[in-house]
Amino acid sequence: MTELYITKTSTRNPLPQRLADFTTLAEALDYAAQGVTGYNFHDGRGRLIAPLRYAELRQRALAAAYRLCRLGLKRGDKVAIIADTSPLFMEIFYGCQYAGFVPVPLPINMSLGNHASYVERLARLLRSCEARVAIAPAEMQSFLTEAGSEFELLFSGDGEAFHRLDANVQPLEPSRPDELAYLQYTSGSTGFPRGVMIDQATVMANLRGIVTHGLGVRPDDRCVSWLPFYHDMGLVGFVLGPMASQLSVDYLGAREFAMRPMQWLALLSRNRGTIAFAPPFGYDICARRLRSGDLERLDLSSWRVAGVGAEPVRTDVLERFAECFAPAGFDSQAFLPCYGLAECSLAVSFAPLGQGIAVERIDRAHLEHHAHARPASACGDMAVTRFVNCGHALPGHDIVIRDQQGQPLPERAVGRVTVRGPSVMSGYFQNPEKTSKVLRDGWLDTGDLGYLTPEGLFITGRHRDLIFVNGRNIWPEDLEHLAGRCQGIRHGDVVAFTAAAEDEEAVVMLVQCHLSDAQRRRDLVNELTSLIRSDFGVACRVVLLPPRSLPRTSSGKLSRSEACRRYLQDGGESLGLAPPAASLTGTGAP
Amino acid sequence: MPQHEQILERLMAHLERLAPPDSNLHPDIDLVSELGLDSVKVMDLMLDAEDEFDISVPLNILADIRTPNQLAQAINKLLESQ
């Protein structure tokens, strides 16, 4: 056996830097392949296992394109791939770019004991995207085979099986600027998948904005990332962005990060990384896992952009991180809050570079009663809410805050954040109904709430009703759907939401039911909490309410926001719940 | 199998640290739905297992593990295949 000595790709590149000024991803890779930079994959202990120069990637992607053509795929056909942090993913993703096919990254499973629900989820995604080909890393192939058994796939297999396929060397026609670059399934709604359609021109527009305006990318930059490739921040921000600006990237798997978060920082230290992003959860887990002796091994002084996004920015978490890692050279001015969503490729706005977290203190009572963000006076003991400045829209994009009727609101009025510009998706795949709900006359309704000031955008409420726990996004629909599996619970009897109390997020499920027997009520609460635990890996507070007590909107739909508001207001009393002492609630603790 | 027992014993010691106090730990307890380990604690447990037994636990085995017994079996298999 020959032992190969492998080295990481260099940061320096003799090739003149071009900042994403390409018309397609294939064209961007053609250019990057002329230099010496590329992707580097590391194992859980931070050892380099596979460097992949853009030059080599291009060769492998072309070979993949020939194989896909030979399978008989038609232009625009979907190629699903379990998006492990691996060279295989890159090869297939870019292979599609060279032949006019559409890659669809599928999620990885990181939970215990959920074989069946993971397979179900993959099957739903394969069905939703109308996949013709499904590829997985060898160790995950069995899940995909199971999930794909009922579909007519032209090919389903692992990397090795794919490489054994014959190739047709023939002239390739890469995806054109007006064709799809990829389908991005939004952060994991399992029962109701939404495939965001992003064209080549669309993603290129966003990448240009990100690397020039957002990050001010320079030739000596180097990226470090553990973000999964099936999330927009991992894929667009740390696969496509660095490639389109010819930067080297060091990768650590998401699971490896979750186990040994310090490896992320160690990798950055060792390779003099300059750009790394994480949701607040990522910074939190690093600060929590810091052990004595770790700091001496870290040198974070090269880290000039520490991006924060994907979840509401929690300032306390970032302050703690900055404090913990200041001795290792971390500069809190490196924090870069930003705002975005997959429906706008990735990024909508960035705070100004090098300023750190800029916070506004807002008069809470005034905000609640007038939906208006009035700065709190410096003195006095009024209740204050803090919001983070997420900066101005990328060039060529506009942000307008609107009321429920869609009318633009003035500065500092809180309303729905809407976005227009060249990075906005063309719609949800095969779902005109959901598309028409969020896209109107070129304006994307983000579902988030916020306000604008001359300083920029401030987000006050989360993406629709999305629940954020431990760095994961959970759709309330999925929790509610799961509850429907319990006997005696109908779909319209349940709402789920998060109730933020101080800095802890609690997941709450309200269930209206007829049960009166105390034991049966207890059993139901226990059944629900353990179902939710095993399927979603989160603790949930399940609360039973009398029939017909959940609030509805004027159109008769259950209103999560109103239920949440009332629940927080008086612990559910106005929802018909007995005062806390007498009520039956449970978090399912054994 | 003696090795299985040894692995299990060491796993249970780690679990005791991760589990809520007063939990009724036993080798066939469902780690997630009964013991209530959240996703962060599951990763903690995997880290303990990797460090304790000097193995690398592949992601794909998680989906079929529900109990300490099953985890011990999986670790045993990994050790044997090394």
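Which domains does the domain assignment give for chain A? Chain A is assigned domain 1 (25–278), domain 2 (365–461) and domain 3 (469–586), the bounds being those of an automatic or database domain assignment. Between domain 1 of chain A and domain 3 of chain A, the C-alpha centres are 37 Å apart.

The model is predicted, so that local features need pLDDT of at least 70 and side-chain atom pairs count only at pLDDT 80 or more, while totals for chains, interfaces and linings use all residues. Residues are numbered from 1 along each chain as its sequence is written, and chains are lettered from A and ligands numbered from 1 in the order in which they are written.

**Contact between the chains**

Chain A contributes 27 residues and chain B 24 residues to the contact, where two residues are in contact if their C-beta atoms, placed from the backbone, lie within 7 Å. On the side of chain B that touches chain A there are 13 nonpolar, 7 polar and 4 charged residues; here Ala, Val, Leu, Ile, Met, Phe, Trp, Tyr, Cys and Pro count as nonpolar, Asp, Glu, Lys and Arg as charged, and the others, Gly among them, as polar.

**Helix pairs in chain A**

Helices (H or I, at least four residues) and strands (E, at least two) are DSSP runs, numbered from the N terminus. The angles in the table run from 0 to 180 degrees between N-to-C directions, and the axes are lines fitted to C-alpha atoms, for helices over the stretch in contact.

| Helix pair | Axes | Angle |
|---|---|---|
| H1(A) (residues 25–32) and H2(A) (residues 54–70) | 8 Å apart | about 135 degrees |
| H15(A) (residues 476–483) and H16(A) (residues 518–536) | within 10 Å | roughly 130 degrees |

H1(A) is therefore oblique to H2(A), given that angles under 35 degrees count as roughly parallel, over 145 as roughly antiparallel, 65 to 115 as roughly perpendicular and the rest as oblique. In this pair, A:Leu29, A:Asp30 and A:Ala32 of H1(A) meet A:Tyr54, A:Leu57, A:Arg58 and A:Ala61 of H2(A), and the contact comprises 5 nonpolar, no polar and 2 charged residues.

H15(A) and H16(A) are likewise oblique to each other. Their contact is formed by A:Leu479, A:Leu482 and A:Ala483 of H15(A) together with A:Leu528, A:Leu531, A:Ile532, A:Asp535 and A:Phe536 of H16(A), a set that divides into 7 nonpolar, no polar and 1 charged.

**A mostly covered helix**

In helix H10 (residues 262–271) of chain A, 8 of the 10 residues are buried, a residue being buried if 20 or more other C-beta atoms lie within 10 Å of its own, exposed if 12 or fewer, and partly exposed in between, with C-beta atoms placed from the backbone. Among the buried residues of H10(A) are A:Trp264, A:Leu265 and A:Leu268, and the elements that cover them include strand S1 (38–42), helix H9 (254–259) and helix H11 (280–289) of chain A. After H10(A) comes A:Arg272, which has a positive phi near 55 degrees.

**Two single residues**

A:Val217 is placed in the loop between helix H7 (200–214) and S9 of chain A. Is A:Val217 buried or exposed? A:Val217 has 23 other C-beta atoms within 10 Å and is therefore buried. Residues up to four places away in sequence aside, A:Val217 touches A:Leu19, A:Val211, A:Ser245 and A:Leu247.

In chain B, B:Phe53 belongs to helix H2 (residues 39–53); with 17 other C-beta atoms within 10 Å, B:Phe53 is partly exposed. Apart from neighbours within four places in sequence, B:Phe53 is in contact with B:Ile75 and B:Leu79.
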